[in-house]
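Open the model in your viewer and keep the sequence panel beside it. We will go from stop to stop, selecting as we go.

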Amino acid sequence: MQRSLKLKIVRPYDESITWEEIGYLLRGISYQICKMSNYCMTHHLLRALGMETENLNPQGNLYCYPRLAKEYPDVPTGIICAAEGRARKVFQQKARSVLFSETALPTFRKDCSIPIPVAGYSLLKTETDTYVANIQLLSRKAAKTGKLPGRIQFVLANNWRDKKAGSVLRRLAEGTLKRGVASLFRAKRDWYISIPYEAEPISMEEAFEPGLVMGVAFGSRCALAYAFNHSPKRGELGGEEVLSHQKTLQVRKMQIRQQYNWSGRKGHGRENALKPLQLLYEKERNYRSLTNERYAKWIVEIAKKNRCGVIRLEAANLKHLGKPNIVLARWPRAALRKKIRDKAEVYGIEVQEYAADKIQSRCSRCGAEQEPAEGNRWFICNDCGYGKEEKKTAGGFISVDYNAARNLAVWEEKDRGIKPRLNIAK
Ligand SMILES: [Zn+2]
């Protein structure tokens, strides 16, 4: 998992170098990076459109480096390569929407950040316990003719608020953490360095309750329900929010459709009429992504709190199982599963997926199948009486959704009906 450390640059370590000189140098590089990045972007576009560009390597790929190195001889080669790489990444991300004329070609501004390749900087600890970043900012040629050295050392601020930053910086300096392409950027009047690093997953395995499994099912009354195999703890995440949101979305869609009667429209008229609808869809995508983020966090936090090392999810695809009657029926559930997996991974929690057949109608205590409880909120087993006694206890009713989640949590692979489908983590 990638994280990054942002530190303020206090001053040049070598006191004979003034801030004025440094500021001038950094602003100059930033401006040159902006120009070369935009150059790369333009040529990526030319190439994508099938037009002529002279910057091709023998393999036929775009390669602006020789041209840029000639034009900007003062900038270190590593920085040019990093800038070219960054521009390529940005272009690839946006290429589709640019080529479909949905967005303009992204451009870099004159105060854009300066990418510093891994080989172009190092972190050192001084005797007075301050940290110094040693960064190559000038090419060898420029350093020879100019006043400034090629590599300049900067004192980094040590007034970090969180204690973790200090230990991360120490480990970066020791070389025990893997660092990535850093960037220098300006915010207001100060310069900062942002150093990405690879954070290893926090090991919690010893802290997990052995054998504890948390089942998470898509609810018919709620968005998600969870249950544990060895614990009566349970919970549901209400579905009202999603349902009411989907209702407003439907209403808004109808409104837009009525407002623009585009049956007769052609060309631009139709395009313009479709715009509000596209905007609406985009908003909807954002809403879903954010909601999924929240749901995933909720689930993983509960697993963490209960020291549960295994989360068992209901796998795709509910539609072909003949029960689209869940709240999150028309929802990016695959994206939600992925978010849960990503978050769980950080804590070493294993995520399993089961294609569970009839989990709503099966009794999670005795395994007997009950009449499909169509429209029923509460689950009652006619074979073992599960749900009948519980009504009177403090735990309360057994909801259909809780029973479904519990089915996932308690049933073993050998059991009928719940077949192992995908075992994501080891
Ligand atoms: Zn039963």
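Start by selecting Arg3 and Tyr197: Arg3 stands opposite Tyr197, which lies in β7. Before moving on, note two things. This model is predicted, so local features need pLDDT of at least 70 and side-chain atom pairs count only at pLDDT 80 or more, while totals for chains, interfaces and linings use all residues. Residues are numbered from 1 along each chain as its sequence is written.

**The sheet**

Now select all of β1 and β7. They pair in the antiparallel sense over 7 bridges. Two strands pair if DSSP finds at least two bridges between them. The element names come from DSSP runs numbered from the N terminus: helices are H or I with at least four residues, strands are E with at least two. What holds paired strands together in a sheet? Backbone hydrogen bonds do, in either a parallel or an antiparallel arrangement.

Pick out Pro12: its bridge partner in β5 is Phe154.

Zoom out. In what order do the strands of the open sheet lie? The 7 strands follow β2-β6-β7-β1-β5-β4-β3, with antiparallel pairing. Look at the edges: β2 (114-116) and β3 (121-125) each have a single partner strand, so one side of each is left without a neighbour in the sheet. Neighbouring strands are turned by 35 degrees against each other on average, direction ignored.

Select β6, residues 182-187: 3 bridges join it to β2, and the two run antiparallel. Pro115 has Ser183 as its bridge partner in β6.

**The helices on the sheet**

Select helix α1, residues 19-48. It lies across β1 (2-12), β2, β6 and β7 (190-198), running at about 95 degrees to β2. Then select helix α3, residues 77-99. It packs on the sheet and touches β2 and β4 (131-136), its direction making about 115 degrees with that of β2. Contact means C-beta atoms, placed from the backbone, within 7 Å. Axes are lines fitted to C-alpha atoms, for helices over the stretch in contact, and angles run from 0 to 180 degrees between N-to-C directions.

**Two loop residues**

Select Lys188, in the loop between β6 and β7. Its phi is near 55 degrees, a positive value in a residue other than glycine. Is Lys188 buried or exposed? It is exposed, with 4 other C-beta atoms within 10 Å. The cut-offs, using C-beta atoms placed from the backbone, are 20 or more others within 10 Å for buried, 12 or fewer for exposed, and partly exposed in between.

Finish at Arg307, in the loop between α7 (268-305) and β11 (310-314). Arg307 is not a glycine, yet has a positive phi of about 55 degrees. With 13 C-beta neighbours inside 10 Å, Arg307 counts as partly exposed.

Technical notes. Two residues are in contact if their C-beta atoms, placed from the backbone, lie within 7 Å.
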